[in-house]
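Colleague: I am new to this structure and would like to learn how to read it. Could we go through it one feature at a time?

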Amino acid sequence: MRYWILAAIAALGLSDVARAEVVETGPQGFRLKSVLQIKAPPSRVYQAIGELGRWWDPEHTYSGKAENMTMPLQAGACWCETLPGGGVRHGVVELAWPQQGMIRVDASLGPLQDEGVRGALYYHAVARDGGTELTVTYNVGGVRDYTIRAAPLVDQVLSGSFARLKRYVETGKPAP
């Protein structure tokens with residue numbers, strides 16, 4: 001299965017994601033992991049994660065506009081998206097620790113919200129090889145069988161967004 005996921009990522013032009021995979025699936029959930037090497041210091045990568053509206057894929061928003069997304073990097077902050085006359089809360093920042101390069105968000109993303117699952121999205125940026133190694137895990141629990149089968153698709157969507165983050169940090173533009 002890993003071959004198909006990596007092939008799909010490569011076909012989408014996301015080869016700058018160093019490693020992305022469905023690490024584990026089980027009867028109650030799944031775990032995804034992406035590892036990227038980014039040519040910037042960890043402090044810049046950390047800061048850029050909070051600039052979500054500048055790099056998130058607009059195709060994976062309710063409004064179709066990434067600039068409607070915000071996520072202040074402070075505990076209790078909302079990862080929110082404004083919508084005409086309303087909005088959506090994608091998650092809540094549970095941990096924001098710049099000195100350790102750690103961000104954890106309680107986030108049941110996209111269609112997972114309708115399923116009543118819990119998701120923990122965890123970013124960890126560490127200095128490595130003159131830049132930053134960013135490891136992102138997404139742990140989802142409380143799911144049904146058909147939701148578990150969607151893990152590769154969720155991985156593909158998140159990996160694409162992380163590739164956009166990498167390009168944004170390195171070039172100032174999230175898309176080529």
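Colleague: Which glutamate does the side chain of arginine 44 meet in a salt bridge?

Modeller: Keep in mind that this is a predicted model. The partner of arginine 44 is glutamate 51, with N and O 3.2 Å apart. A pair counts as a salt bridge when a side-chain nitrogen of Lys or Arg lies within 4 Å of a carboxyl oxygen of Asp or Glu. The whole structure holds six salt bridges by this search.

Colleague: Are the two residues of that pair buried or exposed?

Modeller: The terms rest on relative accessible area: under 20% is buried, over 50% is exposed, and partly exposed lies in between. Arginine 44 has 22%, so it counts as partly exposed. Glutamate 51 has 17%, so it counts as buried.

Colleague: What is the N to O distance between arginine 31 and glutamate 24?

Modeller: Their side chains form a salt bridge at 3.5 Å, N to O. Arginine 31 is partly exposed at 36%, and glutamate 24 is partly exposed at 45%.

Colleague: Where do glutamate 170 and lysine 166 lie?

Modeller: Both are in helix H5, which covers residues 151-171, and they are four residues apart, about one turn of the helix. Lysine 166 is buried, with a relative accessibility of 9%, while glutamate 170 is partly exposed at 30%.

Colleague: How many residues are in the largest nonpolar core?

Modeller: In soluble globular proteins, nonpolar side chains tend to be buried together. Here the largest nonpolar core has 41 residues, and Trp79, Tyr123, Leu134 and Tyr138 have the most contacts inside it. The elements that each supply at least two residues include strand E2 (29-38), helix H2 (42-49), strand E7 (118-128), strand E8 (131-141) and H5. H5 gives the most, with seven residues.

Colleague: What does leucine 134 touch?

Modeller: Leaving out residues up to four places away in sequence, leucine 134 touches Ser34, Val35, Leu36, Ile38, Val45, Ile49, Tyr123, His124, Ala125 and Leu165.

Colleague: At what angle do H2 and H5 pack?

Modeller: Two packed helices are described by the angle between their axes and the distance between the axes. For H2 and H5 the angle is about 125°, and the axes are 10 Å apart. The two helices are therefore oblique to each other, and their crossing is right-handed. At the contact, Arg44, Val45, Ala48 and Ile49 of H2 meet Leu165, Tyr168 and Val169 of H5.

Colleague: Which residues does methionine 69 contact, leaving aside its neighbours within four places in sequence?

Modeller: The list is Leu52, Gly53, Trp56, Thr61, Trp79, Cys80, Glu81 and His90. Methionine 69 is in strand E3, residues 69-70, and is buried, with a relative accessible area of 3%. The C-alpha atoms of methionine 69 and tryptophan 55 are 9.7 Å apart, and the two residues are 14 apart in sequence.

Colleague: Is lysine 173 buried or exposed?

Modeller: Lysine 173 has a relative accessibility of 56%, so it counts as exposed. It lies in the segment after H5. Beyond its neighbours within four places in sequence, lysine 173 contacts Arg167 and Tyr168. Sequence distance and spatial distance can be read side by side here: lysine 173 and arginine 54 are 119 residues apart along the chain, and their C-alpha atoms are separated by 8.2 Å.

Colleague: What is the phi of aspartate 129?

Modeller: Phi of aspartate 129 is near 55°, a positive value in a residue other than glycine. Aspartate 129 sits in the loop between E7 and E8 and is exposed, at 74% relative accessibility.

Note on methods:
Residues are numbered from 1 along each chain as its sequence is written. This is a predicted model: local features need pLDDT of at least 70, side-chain atom pairs count only at pLDDT 80 or more; totals for chains, interfaces and linings use all residues. Side-chain values use heavy atoms; hydrogens and water are left out. Buried means under 20% relative accessible area, exposed over 50%, partly exposed in between (1.4 Å probe, protein chains only). A nonpolar core is a set of buried Ala, Val, Leu, Ile, Met, Phe, Trp, Tyr and Cys residues joined through side-chain atoms within 4.5 Å. Contact means heavy atoms within 4.5 Å. Axes are lines fitted to C-alpha atoms, for helices over the stretch in contact, and angles run from 0 to 180 degrees between N-to-C directions. Angles under 35 degrees count as roughly parallel, over 145 as roughly antiparallel, 65 to 115 as roughly perpendicular and the rest as oblique. A crossing is left-handed if the near helix is turned anticlockwise from the far one by less than a right angle, and right-handed if clockwise.
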